[in-house]
Amino acid sequence: MVPFAGWTLPLHYGQGHLQSHLHTRRHCSLFDVSHMLQTLVYGRDRVRFMESLVVGDIAELKPGQGTLTLLTNEKGGITDDLIVTNTSEDHLYVVSNAACADKDLAILRDRVAQLQATGSDVHLEVSDNALLALQGSPSMARVLQAGLSDDLAKLSFMNSITTTVFGVPGCRVTRCGYTGEDGVEISVPAARAVELAERLLGVPDVWLAGLAARDSLRLEAGLCLYGNDIDETVTPAEAGLMWTLGKRRRVAMDFPGAAVIMAQVKEKPRRKPVAVAWTGAGQAPFTSLCPHIPGTVTSGCPSPCLGKNIAMGYVEAAHSRAGTELTVEVRKKQHPAIITKMPFVPTQYYMAK
C-alpha cells in the first residue's frame, strides 16, 4: 500500500506487478479507482457551463456518449484531463483525476456561482459512488455480460448506460479505461461496492490489479498521466492533444486560453511529445534525453509486453520524427534509444458494429 493523492492505494497484489500487467492484457483485471472525483452537473445551462471551462464540444454529445476533454487555464495550460458524459438522465457525468480533485472542484464551484449570479440554471453535485474498472480483452465482455440484462455488444467505446450489474441497481457502466484494452468503469453505490467487487472476483479470469500495473499498462497504450506528461505548463498543442478540441470550439475560441492555444497551432509548437524505446541496461527511473537532442522524459518503465524500456517525453519539434536516434540518461549513464510510434502496444477499444 502506498500514499497517492491523499489516499492509501495498493501498488500491487500477491501475484506481483509483472504477472498482473500481463494478466490484464491476456484476460482481465479489476482496479479500484474510487479515488477519482465523480461529479454530476444539472440544469438547463449545464452544457454552456461545461464548455466555459473545457475545450471539447460537449453540445454535440449524444445521450450516453462521453469524451475525453481538457480543463485549461488562461495561459493555455492543461489544468486537468476529464471524461465528460452526456447522460440519458438530464445531467452531465464528469470524472476527474484524484490528484486534481480539490483544484478541479474549486474551479467548478466558482464557475457555478458566477453563472448562478447571472441567472443561469446550473448546479453541481459530488457523487459518493465507488468506481471499479474492469479491464482486459477478451475476457472483460464475457465476465460482465453474465451479470447484465443489457446487451454489452451494443455499448461502444466512450459510451455509457445506467443498469443493474450482478444484482446491484443504479450502476453507471462506461466503456472506457486507462489500459488500452477493452474495458469498463462502473460507478456503483458505495454501500454495495464490495459486494459487486466480490462477485466479479469470483470469476477465475478476474484478478485484482494495483497502481503499478495501471501505470505500465497506460504507458504501453500511450496514455498521458496528469502531473507527469501534462500539466499547467503544457498546452494541448504541445501535448499532441489538439484532437480533443471540437471544430466548433476552435472557431468560437470561447474556452480558457484559446488565443494562446490557437496561436501555437498556427505557428507550430516548438516541442512535441515523443515515444522512446531502448533495450539493454537502464530499467530504472530516468531523467532526461541527451545530449545532441535536448528533451525531457516525463514517464517511463520497462514494458512487460515488449521486453524493452519505454518512455514518453518531449523533444524539439525538428527532432521528433519516428526513427530518430537519441540518448537516454539513466543514473548518470547514457544509453542509445530511438523515437518510435505511439502507442507502444496496439489498443483494443471496442466499437459496436
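Predicted model: local features only at pLDDT ≥ 70, side-chain atom pairs only at ≥ 80, totals over all residues.
Residues are numbered from 1 along each chain as its sequence is written, and side-chain values use heavy atoms, with hydrogens and water left out.

## Domains

The domain assignment of the protein chain gives domain 1 (2–218) and domain 2 (270–341); such bounds come from an automatic or database domain assignment. Taken over C-alpha atoms, the centres of domain 1 and domain 2 are 30 Å apart. In the contacts of the two domains, 6 residues of domain 1 meet 5 residues of domain 2, where contact means heavy atoms within 4.5 Å.

## An antiparallel sheet

Helices (H or I, at least four residues) and strands (E, at least two) are DSSP runs, numbered from the N terminus. Two strands pair if DSSP finds at least two bridges between them.

An open sheet of 5 strands runs in the order S5-S6-S7-S4-S8, with antiparallel pairing. Strand S5 (65–72) and strand S8 (123–126) are at the edges with a single partner strand each, so one side of each has no neighbour in the sheet. On average, neighbouring strands of this sheet are turned by 25 degrees against each other, direction ignored. Axes here are lines fitted to C-alpha atoms, for helices over the stretch in contact, and angles run from 0 to 180 degrees between N-to-C directions.

Within the sheet, threonine 39 stands opposite valine 126 in S8. Helix H3 (residues 101–117) lies across S4, S5, strand S6 (78–86), strand S7 (92–96) and S8, and runs at about 155 degrees to S8.

## A mixed sheet

Another open sheet has 6 strands in the order S10-S11-S12-S9-S3-S13, and its pairing is mixed. S10 and strand S13 (206–208) are the edge strands, each pairing on one side only. From one strand to the next, the twist averages 30 degrees. Helix H5 (residues 193–201) packs on this sheet and touches S3, S9, S10, S11, strand S12 (183–188) and S13; the direction of H5 makes about 15 degrees with that of S9.

## Strand pairs side by side

| Strand pair | Bridges |
|---|---|
| S4 (residues 37–42) and S8 | 4 bridges |
| S3 (residues 28–32) and S9 | 4 bridges |
| S10 (residues 160–165) and S11 (residues 168–174) | 5 bridges |
| S14 (residues 271–278) and S19 | 3 bridges |
| S18 (residues 325–330) and S19 | 6 bridges |

In S19, isoleucine 339 stands opposite valine 276, and proline 336 stands opposite threonine 327.

## The second largest pocket

On a 1 Å grid over the protein atoms alone, a pocket is an open set of points where a 1.4 Å probe fits, with protein on both sides within 12 Å along at least five of seven lines; lining residues have an atom within 4 Å of a point.

The second largest pocket holds about 200 Å³ of space, a volume being the space filled by probe spheres set on the points, which are joined across faces, edges and corners. Its lining has 13 residues, and Asp57, Glu60, Trp243, Thr244 and Gly246 lie nearest the centre. S5 and helix H7 (247–252) are the elements that give two or more residues to this lining, and S5 gives the most, with 3 residues. By class, the lining has 4 nonpolar, 5 polar and 4 charged residues. Ala, Val, Leu, Ile, Met, Phe, Trp, Tyr, Cys and Pro count as nonpolar, Asp, Glu, Lys and Arg as charged, and the others, Gly among them, as polar.

## Backbone details

Most residues other than glycine have a negative phi, and most peptide bonds are trans.

In the hairpin of S10 and S11, with 2 residues between the strands, phenylalanine 166 takes a positive phi near 45 degrees. The hairpin of S18 and S19 has 2 residues between the strands, and there arginine 331 takes a positive phi near 50 degrees.
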